[in-house]
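Let's take a friendly walk through a protein model together. Have the sequence and the 3D view ready, and turn the model as you read.

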Amino acid sequence: MESDESQSEWIPLSLRPEWADVRPVPQDDGPNPVVPIAYSDDFAETMDYFRAVYLADERSHRALHLTAEAILFNAGNYTVWQFRRLILEALKTDLHEELNFVDFVARENSKNYQIWHHRRWVAEKLGTDAMRRELEFTKRIFSQDAKNYHAWSHRQWVLQALGGWEDELAYCQQLLEDDIFNNSAWNQRYFVVTRSPLLGGLEAMRESEVRYAVEAILTKPENESSWRYLRGLYKDNAKSWVNDPQVSSVCLKVLTSKNNYLFALGMLLDLLCLGFEPSQELKNAVDALNYESDPSDSNLAKTVSSILEHVDPMRVNYWKWRGSTVPHKRV
């Protein structure tokens with residue numbers, strides 16, 4: 001296997017008997033290169049021999065081993081990966097072994113586009129046989145980097161192309177129990193709720209997911225991800241969002257606590273701009289925040305935007321703009 005071979009001491013290809021018949025092809029940078037790159041001798045020789053087999057379109061076992069060596073020198077070389085795929089197909093190589101090689105390379109290159117592209121190609125060739133392994137592979141990546149975009153993208157592709165939806169919602173829940181601020185896990189939960197063929201879609205899941213989001217908000221109201229998740233549950237039905245008492249209720253509870261209420265104010269402002277009719281209790285909760293505002297202005301949306309200017313100074317200009325664009329309805 002290439003990964004084992006690559007760990008041994010590197011021997012120049014010019015000294016290997018199996019390469020004696022190959023004339024290496026040096027890199028051609030032209031007669032007067034402006035800034036020649038100082039490649040190491042090992043890398044330069046490997047690529048010289050790779051160019052030779054590539055130009056000859058040699059799809060052999062030795063060429064396959066050579067691509068492995070070239071990849072370990074530079075895992076981002078698209079041409080080497082592409083030629084490797086051609087060789088794998090020509091030799092009808094065991095692609096489970098190929099996944100072992102990709103595992104090895106990914107240890108130090110988990111955010112390399114070429115590795116993930118190649119891994120998807122291999123998994124697609126293997127079909128459902130690769131499903132469990134690929135889901136477990138991404139889990140290992142997340143244990144080191146919970147927000148690795150490439151791994152999340154790959155996992156979503158696996159679910160859609162190969163299956164494995166059965167335990168995915170529970171997996172998302174476990175990740176959020178470990179870290180409720182993991183926005184990638186929130187995004188994956190939304191992906192599962194809206195895409196899984198086993199759950200019935202957003203409409204069927206909305207009520208239970210709203211309860212889940214509300215509970216998460218009350219646990220950590222300063223966590224923007226749970227607020228965004230709650231908002232996303234109504235992306236196809238703004239009227240339901242405005243009229244759902246659970247939404248206004250969680251805003252009221254957070255505002256009444258007078259702690260970490262920035263996102264509660266932001267959601268309330270959006271609701272008001274969409275025609276939400278606040279209760280007197282909610283108006284009182286806003287007034288109790290006791291920030292300077294124009295007492296003669298009974299437009300609650302303007303009052304909320306004014307408060308937000310104080311509690312979110314990084315976006316003060318945004319909140320001023322929001323305040324200038326709120327409906328003129330007086331409540």
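Predicted model: local features only at pLDDT ≥ 70, side-chain atom pairs only at ≥ 80, totals over all residues.

Start with the whole chain. The secondary structure comes to 18 helices and 0 strands. Along the principal axes, the C-alpha atoms fill a box of roughly 90 × 50 × 30 Å. A compact globule of 331 residues would have a radius of gyration near 20 Å, whereas this protein chain has 29 Å. Of its 331 residues, 47% count as buried. If you take the contacts with a separation of 6 or more, 66% of them are between residues 24 or more positions apart.

Now let's see how helices pack. Two packed helices are described by the angle between their axes and the distance between the axes. Find helix 3 (residues 61-73) and helix 4 (residues 78-91): their axes are 10 Å apart, and the packing angle is about 150°. Angles over 145 degrees count as roughly antiparallel, so helix 3 and helix 4 are roughly antiparallel to each other. Helix 3 passes helix 4 in a left-handed crossing. On the helix 3 side, the residues in contact include Leu64, Thr67 and Ile71, while helix 4 contributes residues including Trp81, Phe83 and Leu88. Sorted by class, this contact has 11 nonpolar, 2 polar and 1 charged residues.

Which way do helix 8 and helix 10 run, roughly parallel or antiparallel? The axes of helix 8 (residues 149-162) and helix 10 cross at roughly 15° and come within 12 Å. Angles under 35 degrees count as roughly parallel, and helix 8 and helix 10 are therefore roughly parallel to each other. Their crossing is right-handed. Among the residues making this contact are Trp152, Arg155 and Leu159 of helix 8, together with Asn187, Gln188 and Phe191 of helix 10. Here the classes divide into 4 nonpolar, 5 polar and 2 charged.

Stay with helix 10 (residues 183-195), where you will find Trp186. Buried means under 20% relative accessible area, so Trp186, with 3%, is buried. Leaving out residues up to four places away in sequence, Trp186 touches Leu176, Ile180, Tyr212, Ala216, Asn223, Ser225, Ser226 and Tyr229. Trp186 and Leu162 are 24 residues apart along the chain, and their C-alpha atoms are separated by 22 Å.

Thr138 counts as buried because its relative accessibility is 0%. Apart from neighbours within four places in sequence, Thr138 is in contact with Ala151, His154 and Arg155.

Finally, look at the backbone in two loops. Most residues other than glycine have a negative phi. Asp57 is not a glycine, yet its phi is positive, at about 55°. You can find Asp57 in the loop between helix 2 (41-55) and helix 3, and its 38% relative accessibility makes it partly exposed. Lys92 also has a positive phi of about 55° without being a glycine. Lys92 lies in the loop between helix 4 and helix 5 (95-106). With a relative accessible area of 72%, Lys92 is exposed.

Notes:
Residues numbered from 1 in each chain as written. Heavy atoms only, no water. Axes fitted to C-alpha atoms, helices over the stretch in contact; angles between N-to-C directions. Helix = DSSP H or I, 4+ residues; strand = E, 2+ residues; numbered from the N terminus. Parallel < 35°, antiparallel > 145°, perpendicular 65-115°, else oblique. Left-handed = near helix turned anticlockwise from the far one by under 90°. Contact = heavy atoms within 4.5 Å. Nonpolar A, V, L, I, M, F, W, Y, C, P; charged D, E, K, R; others polar. Rg over C-alpha atoms; globule rule 2.2 N^0.38 Å. Buried < 20%, exposed > 50% of the residue type's maximum accessible area, 1.4 Å probe, protein only.
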